[in-house]
Amino acid sequence: MLIHLAAFVVVVAGIMSAKSLLIPFLLAIFLAIICSPPLFWLRQKNVPVALSVFVVVVVVIIIQLGLTTLIGSSLADFSKALPNYQDRLQSIAREGIVWVEGFGIDITDDMIMDQFNPGKLMAIVGGMLNNLLGMMKNTFMILLTFMFIMLEAAGIPAKVQAIAGGGKGALEKYGAISKGVNRYLFLKSLTSLGTGILAAVSLQIIGVDFAVMWGMVALLLNFVPTIGSIIAAVPPVLLALVQLGVGPALATASVYLVINVVIGNLLEPRIMGAGVGLSTLVIFISMAFWGWVLGPIGMLLSVPLTMALKITLAANESTKGLALLLGSNSEAAAVLAALPSDENA
């Protein structure tokens with residue numbers, strides 16, 4: 001047990017030290033998983049491999065350039081206006097302190113501003129968007145790796161089967177991992193796109209500045225489980241408060257609440273069903289773990305990475321128990337129901 005724990009610590013330390021190399025590689029892998037269906041569709045239409053890969057890569061580059069231009073132009077304007085937003089937020093916070101003190105509650109201004117400085121919060125948002133833009137601009141390694149993965153994609157199943165000595169077990173395991181992760185990423189991309197569009201349109205109607213940029217933030221952070229949608233709502237709500245007042249800020253908060261309830265709690269569980277197959281606690285822990293190991297990108301990739309681990313564990317008899325621990329309660333109940341009645345007793 002101690003040996004396994006020591007090996008785990010060494011592996012995690014190695015991942016953290018090499019994350020600058022691993023992150024582009026992981027992003028390229030998951031980008032390739034998302035783009036593999038169009039590639040295989042083109043191959044079924046007898047389009048040559050090189051031409052199929054070229055078409056898919058060109059489409060990805062066009063989308064990436066469009067997003068970079070869109071976020072970059074909005075971010076430049078937001079950065080110019082950020083000092084004014086910070087000053088206005090601090091003024092509103094101080095006015096709130098005075099209002100609370102009117103009820104006889106003694107609150108020191110320094111205590112509140114030290115614990116919660118909305119101006120710093122807006123600065124953090126600006127820094128986060130700058131980091132995102134920097135990552136999107138520095139995509140040469142990701143696109144290059146992605147291109148080579150796509151060129152090799154058609155031959156990967158044969159290689160996996162050859163490594164396993166011709167057996168179909170390893171091929172089935174590879175297919176299960178690819179299918180599970182692909183299904184999750186595809187459906188999550190659709191729901192995230194819907195979240196971003198609804199957020200952008202609603203903010204535009206309310207009159208909040210940079211509505212399209214906040215829609216993009218909502219789209220991207222929707223991939224972060226549990227807390228991503230909450231984090232995405234904070235900046236536009238604060239901006240609505242600064243720019244338009246309390247009423248529009250409450251309307252903005254209500255819009256995000258409705259979007260997250262409808263899409264996150266009603267729509268996603270229905271269309272995904274048991275596709276994720278992870279317990280809520282495991283999703284939260286995996287988000288915290290991969291975020292600690294790989295940073296913000298690890299939070300985005302936490303569910304696909306944990307899904308791949310769970311599917312791999314479930315494929316081996318000796319580790320099926322660990323896979324059940326990672327799975328949902330309904331999955332465990334289904335296993336129990338499938339057991340003979342005397343084993344359930």
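Q: Which residues does S229 touch, not counting residues up to four places away in sequence?
A: The model is predicted. Contact here means heavy atoms within 4.5 Å. With residues up to four places away in sequence left out, the contacts of S229 are L221 and N260.

Q: What separation do the C-alpha atoms of S229 and I259 have?
A: S229 lies in helix α10, which covers residues 228-243. Along the chain, S229 and I259 are 30 residues apart.

Q: Which element gives the largest share of the lining of the largest cavity?
A: The residues that line this cavity include S229, along with L221 and N260. Two or more lining residues come from each of α9, α10 and α11 (246-272). The largest share, three residues, comes from α10.

Q: What is the volume of the largest cavity?
A: Rolling a probe the size of a water molecule over the atoms shows where empty space is left. Searching the whole structure gives one cavity of 30 Å³ or more. The volume of the largest cavity is about 40 Å³.

Q: How many charged residues are in the lining of the largest cavity?
A: Among the lining residues are T195, A218 and Y256. By class, the lining has four nonpolar and five polar residues, and the number of charged residues is none.

Terms used: Residues are numbered from 1 along each chain as its sequence is written. This is a predicted model: local features need pLDDT of at least 70, side-chain atom pairs count only at pLDDT 80 or more; totals for chains, interfaces and linings use all residues. Side-chain values use heavy atoms; hydrogens and water are left out. Helices (H or I, at least four residues) and strands (E, at least two) are DSSP runs, numbered from the N terminus. On a 1 Å grid over the protein atoms alone, a cavity is a set of points where a 1.4 Å probe fits but cannot get out, and a pocket is an open set with protein on both sides within 12 Å along at least five of seven lines; lining residues have an atom within 4 Å of a point. Grid points are joined across faces, edges and corners, and a volume is the space filled by probe spheres set on the points. Ala, Val, Leu, Ile, Met, Phe, Trp, Tyr, Cys and Pro count as nonpolar, Asp, Glu, Lys and Arg as charged, and the others, Gly among them, as polar.
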